[in-house]
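Please open the structure in your viewer and keep the selection tool at hand.

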Amino acid sequence: MLERTLNGLTDCRKGHLVRMDRSGIAPGEDDGILQEMTRWPHEALAIGRWNGTPVAVVSEEGAHGWPAARDWLGLLPPSQFPLLSTALQVVTWAHDHRFCSRCATPMKRRSEEFAMECPNCHFRSYPRISPCIITLVTHGRQLLLARSPRFPAGRFSTLAGFIEAGESAEEAMRREVFEEVGLEIGRISYFKSQSWPFPHSFMMGFYAEAASRDIVIDGVEIEAADWFTVDNLPGLPPPYSISRALIDNFLRGTASTD
Ligand SMILES: [Zn+2]
């Protein structure tokens with residue numbers, strides 16, 4: 001388990017380590033990404049404690065041919081997903097906030113929290129988290145799945161989009177579903193959430209009951225969309241995604257009412 005508290009880690013320079021480079025993450029012990037206890041290099045960033053032991057991440061120069069972060073999603077023990085997600089987002093944040101966005105002075109990491117502070121004007125920046133809604137639209141026993149031009153051939157998925165400034169999650173749901181497939185939705189219910197560190201999305205999963213059935217795709221974000229049932233499913237997203245969890249959970253529900 002990852003505890004994200006940084007209390008007491010200010011002067012800690014030893015513990016577990018996650019090593020990354022521009023293209024991937026180094027294999028560690030136990031089929032995961034956690035390296036044995038080691039002295040941390042100077043540039044390592046503490047991210048918390050793993051089962052009580054301090055853990056840090058380090059971003060290294062060059063390319064070592066390590067598996068890509070996305071590939072690790074299919075390889076990692078699920079217990080290490082929070083470690084992968086936190087390490088990736090902390091490294092991205094440290095890389096993207098090296099200078100103050102107000103006065104351009106080099107930033108300094110605050111030791112007791114995930115924050116960078118400008119020594120000149122005291123502006124602080126925190127890891128960026130971008131909230132998104134992801135939704136399975138349903139109609140009776142049917143589910144609406146769509147494909148983006150970026151998907152592998154044959155794959156369909158749930159609808160998703162970023163929450164805009166000033167919007168609630170519910171407003172984002174209605175806007176995204178209407179923009180992408182032209183449907184009005186009625187009752188919305190919350191499912192669960194998932195951190196998606198590519199580079200810093202936070203996915204909030206919902207079910208939405210369709211209030212209309214005629215699909216009108218936008219042709220840009222979505223190139224095809226249709227209603228499916230358990231008997232005619234297309235290619236689905238991989239098992240570790242919240243999209244797949246939304247679909248599988250819905251199908252279990254329809255099966256149990258047979
Ligand atoms: Zn500043």
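How many residue pairs are in polar contact between domain 1 and domain 2? The count is 2 residue pairs, both residues of each at pLDDT 80 or more; a polar contact is a pair of N or O atoms within 3.5 Å, where within protein one must be able to donate a hydrogen and the other to accept it, and residues adjacent in sequence count only if both atoms are side-chain atoms.

The model is predicted, and local features need pLDDT of at least 70, side-chain atom pairs count only at pLDDT 80 or more, and totals for chains, interfaces and linings use all residues. Residues are numbered from 1 along each chain as its sequence is written, and side-chain values use heavy atoms, with hydrogens and water left out.

**First stop: the two domains**

Select residues 2-96 for domain 1 and residues 130-256 for domain 2; these bounds come from an automatic or database domain assignment. Their C-alpha centres lie 31 Å apart. Domain 1 gives 9 residues to the contact and domain 2 gives 8 residues, where contact means heavy atoms within 4.5 Å.

The size of an interface is often given as the accessible area lost when the parts come together. Here the two domains bury about 810 Å² between them, 68% of it on carbon and sulfur atoms; buried area is the accessible area (1.4 Å probe) that two parts lose on being put together, summed over both. Now select Arg70, Leu73 and Gln89 in domain 1: these residues lose the most area to domain 2, together 54% of what that side buries.

Across this interface the rule finds 0 salt bridges (a side-chain nitrogen of Lys or Arg within 4 Å of a carboxyl oxygen of Asp or Glu). On the side of domain 1 that touches domain 2, helix 1 (69-75) and helix 2 (81-96) are the elements that give two or more residues. Helices (H or I, at least four residues) and strands (E, at least two) are DSSP runs, numbered from the N terminus. Helix 2 gives the most to that side, with 5 residues.

Select Glu3 and then Arg49, its bridge partner in strand 4. Strand 1 and strand 4 run antiparallel and are joined by 2 bridges.

Move on to Asn51, in the loop between strand 4 (45-50) and strand 5 (53-59). Its phi is near 45 degrees, a positive value in a residue other than glycine.

Select Lys108, which stands opposite Glu117 in strand 7.

**Last stop: a cis peptide bond**

Finally, select Phe198 and Pro199, which are joined by a cis peptide bond with omega about 0 degrees. Pro199 lies in the loop between strand 12 (185-196) and strand 13 (201-210). Most residues other than glycine have a negative phi, and most peptide bonds are trans.

Definitions and conventions: Pairing = 2+ DSSP bridges.
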